[in-house]
Amino acid sequence: MREHKVSRGVALRAFAVLRQEGVAEPAPGERWRVVRAGVRVDRRPLEQQIADIITAEGIGVGEAFPSASALAERFGVSRPTVTKALEKLEAAGVLAAGGQGRVRTVRAVPTREERS
């Protein structure tokens with residue numbers, strides 16, 4: 001808004017046009033991101049995408065789960081955004097809480113309902 005000297009309303013309308021044209025989209029935990037032509041974008045909540053890692057990579061109960069830093073890099077989001085998603089999976093009983101110096105582990109393989 002400052003850079004182009006427009007009001008918030010004008011900026012929001014511009015974003016609406018970009019979204020309608022499929023050029024940009026709002027992203028949870030971020031502001032907006034550019035959608036690359038031909039690239040499939042997973043629009044599910046981050047915690048569901050992270051839960052899919054367990055089955056996709058064959059991580060068993062009791063095994064170590066990737067760190068928040070590794071997940072942030074993998075999904076292209078901030079660590080606090082990943083941490084919120086991991087907390088939801090911990091609350092659902094899918095992951096055991098990690099912490100500073102502790103490795104987060106899988107408590108249960110997510111069911112289809114938890115993943116979708």
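Is Arg-104 buried or exposed? Arg-104 turns out to be buried, with a relative accessible area of 16%, which is below the 20% cut-off for that label. Keep in mind that this is a predicted model.

- Helix 2 covers residues 46-56, and eight of its eleven residues are buried, so the rest of the structure largely encloses it.
- The buried ones are Leu-46, Glu-47, Gln-48, Gln-49, Ile-50, Ala-51, Ile-53 and Ile-54.
- Take Gln-49, which sits in helix 2: it's buried, with a relative accessible area of 14%.
- Setting aside neighbours within four places in sequence, Gln-49 is in contact with Asp-42, Arg-44 and Phe-75.
- After helix 2 comes Gly-58, which has a positive phi, near 65°.

**Where helix 2 meets helix 4**
- Two packed helices are described by the angle between their axes and the distance between the axes.
- Here, the axes of helix 2 and helix 4 (residues 79-91) come within 9 Å and cross at roughly 70°.
- That angle makes helix 2 roughly perpendicular to helix 4.
- The crossing of helix 2 past helix 4 is right-handed.
- On the helix 2 side, the contact uses Leu-46, Glu-47, Ile-50 and Ala-51, while helix 4 brings Thr-81, Val-82, Ala-85, Leu-86, Lys-88 and Leu-89.
- Sort those contact residues by type and you get seven nonpolar, one polar and two charged.

**Salt bridges**
- Side chains of opposite charge can pair when their charged atoms come close.
- Searching the whole structure turns up four salt bridges.
- One of them joins Lys-88 and Glu-47, with their closest N and O atoms 4.0 Å apart. This pair links distant parts of the chain, since Lys-88 is in helix 4 and Glu-47 is in helix 2, 41 residues apart.
- Arg-104, the buried residue from the opening, has a salt bridge with Glu-90 at 2.8 Å, N to O. Arg-104 is in the loop between strand 3 (95-96) and strand 4 (105-106) and Glu-90 is in helix 4, so the pair ties together parts 14 residues apart in sequence.
- Arg-44 and Asp-52 also meet through their side chains, at 2.7 Å, N to O. Arg-44 is partly exposed, with a relative accessible area of 28%.

**A look at strand 1**
- Ala-24 belongs to strand 1 (residues 24-26) and is buried, with a relative accessible area of 9%.
- Ala-24 and Val-35 are eleven residues apart in sequence, and their C-alpha atoms are 5.1 Å apart in space.
- Beyond neighbours within four places in sequence, the contacts of Ala-24 include Leu-18, Arg-19, Trp-32 and Val-35.

Methods:
Residues are numbered from 1 along each chain as its sequence is written. This is a predicted model: local features need pLDDT of at least 70, side-chain atom pairs count only at pLDDT 80 or more; totals for chains, interfaces and linings use all residues. Side-chain values use heavy atoms; hydrogens and water are left out. Buried means under 20% relative accessible area, exposed over 50%, partly exposed in between (1.4 Å probe, protein chains only). Helices (H or I, at least four residues) and strands (E, at least two) are DSSP runs, numbered from the N terminus. Axes are lines fitted to C-alpha atoms, for helices over the stretch in contact, and angles run from 0 to 180 degrees between N-to-C directions. Angles under 35 degrees count as roughly parallel, over 145 as roughly antiparallel, 65 to 115 as roughly perpendicular and the rest as oblique. A crossing is left-handed if the near helix is turned anticlockwise from the far one by less than a right angle, and right-handed if clockwise. Contact means heavy atoms within 4.5 Å. Ala, Val, Leu, Ile, Met, Phe, Trp, Tyr, Cys and Pro count as nonpolar, Asp, Glu, Lys and Arg as charged, and the others, Gly among them, as polar.
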